[in-house]
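Subject: Structure handover

Hello,

Here is the structure for you to open alongside this note. My findings follow below it.

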Amino acid sequence: MERLEGLLASCYHRMLRYMSRLRWQDRITNEEVRRRCGTDNFEHRLRKMRFRWSGHVKRRDENSTLRRAMEPEVEGRRPVGRLKKTWSKVVEEDKRKLNITEDMSEDRKQWRQLISLPAPGVGN
């Protein structure tokens, strides 16, 4: 998951440089490019999108198809070794980093305000 996020972030920064007509030879940092373009850190943007979707899923009733699909229970033996990081595990890590609880997603208006705030101390 982290490798994919790194690839997406580098693509995002390349697009920002292209749109602002900056080349890597200009030796301008990604932070400066984001500041000039007026955009957020890519990690923050990804986290915000994950939180928006997770809030949507959590507000659904327990028997909805979407909710059951996002929280599967697979039977059988698991393979040897460490499991791949799932989307829900990444969301749980993000919630722990930002001290967000499950019940906060119930109030949609408050949830949207909460997830749009920049993360304190996390690469803003």
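Arginine 35 is exposed, with a relative accessible area of 56%. This is a predicted model. Arginine 35 forms a salt bridge with glutamate 32, and the closest N and O atoms are 2.5 Å apart. Why can these two meet? They sit three residues apart in helix H2 (residues 30-37), so about one helical turn separates them. Glutamate 32 counts as partly exposed, at 22% relative accessibility.

Other salt bridges

The count comes to eight salt bridges. As background, side chains of opposite charge can pair when their charged atoms come close.

One of the salt bridges joins aspartate 26 and arginine 23, with 4.0 Å from N to O. Arginine 23 counts as exposed, at 52% relative accessibility. Aspartate 26 is partly exposed, with a relative accessible area of 35%.

Another pairs arginine 50 with aspartate 94; here the closest N and O atoms are 2.8 Å apart. Which parts of the chain does this pair link? Arginine 50 is in helix H3 and aspartate 94 is in helix H5 (residues 87-98). They are 44 residues apart, so the pair links distant parts of the chain. Are arginine 50 and aspartate 94 buried or exposed? Both are buried. Because buried means under 20% relative accessible area, each of the two falls below that cut-off.

Arginine 50 and aspartate 94 also belong to a network of salt bridges. Glu5, Glu43 and Arg47 are linked in that network with them.

Surface patches

Which residues form the positive surface patch? They are Arg45, Lys48, Arg52, Arg108 and Arg112. Helix H3 (42-59) and helix H6 (108-116) are the elements that give two or more residues to the patch. H3 gives the largest share, three residues. Arginine 108 lies in helix H6. Its relative accessible area is 48%, so arginine 108 is partly exposed.

Isoleucine 115 lies in helix H6. Isoleucine 115 and lysine 48 are 67 residues apart in sequence, but their C-alpha atoms are 5.8 Å apart in space. Lysine 48 is one of the residues of the positive patch. Isoleucine 115, by contrast, counts as buried, at 4% relative accessibility.

There is a nonpolar patch on the surface too, formed by Met15, Tyr18 and Met19. Together these residues have about 420 Å² of accessible area. Methionine 19 has its place in helix H1 (residues 2-19). At 60% relative accessibility, methionine 19 counts as exposed.

The loop between H1 and H2

Serine 20 lies in the loop between H1 and H2. Serine 20 is partly exposed, with a relative accessible area of 27%. Serine 20 and cysteine 37 are 17 residues apart in sequence and 7.3 Å apart in space, C-alpha to C-alpha.

Arginine 21 lies in the loop between H1 and H2. Its phi is near 55 degrees, a positive value in a residue other than glycine. Arginine 21 counts as exposed, at 76% relative accessibility.

Arginine 27 lies in the loop between H1 and H2 as well. Arginine 27 is not a glycine, yet it has a positive phi of about 55 degrees. Its relative accessible area is 76%, so arginine 27 is exposed.

Cysteines

How many disulfides does a search of the whole structure find? It finds zero. Cysteine 11 is in no disulfide, and the nearest cysteine sulfur, that of cysteine 37, is 14 Å away. Cysteine 37 is likewise in no disulfide; its nearest cysteine sulfur is that of cysteine 11, 14 Å away.

Cysteine 11 is partly exposed, with a relative accessible area of 32%. Cysteine 37 is partly exposed too, with a relative accessible area of 31%.

Best regards

Conventions:
Residues are numbered from 1 along each chain as its sequence is written. This is a predicted model: local features need pLDDT of at least 70, side-chain atom pairs count only at pLDDT 80 or more; totals for chains, interfaces and linings use all residues. Side-chain values use heavy atoms; hydrogens and water are left out. A disulfide is a pair of cysteine sulfur atoms within 2.5 Å. Buried means under 20% relative accessible area, exposed over 50%, partly exposed in between (1.4 Å probe, protein chains only). Patches are made of residues with over 30% relative accessible area and no salt bridge: like charges are joined within 9 Å, nonpolar side chains (Val, Leu, Ile, Met, Phe, Trp, Tyr) within 5 Å. Accessible areas come from the Shrake-Rupley method with a 1.4 Å probe; for residues, only the protein chains shown count as cover. A salt bridge is a side-chain nitrogen of Lys or Arg within 4 Å of a carboxyl oxygen of Asp or Glu. Lys and Arg count as positive and Asp and Glu as negative; His and the chain ends are not counted. The place of a charge is taken as NZ of Lys, CZ of Arg, CG of Asp or CD of Glu. Helices (H or I, at least four residues) and strands (E, at least two) are DSSP runs, numbered from the N terminus.
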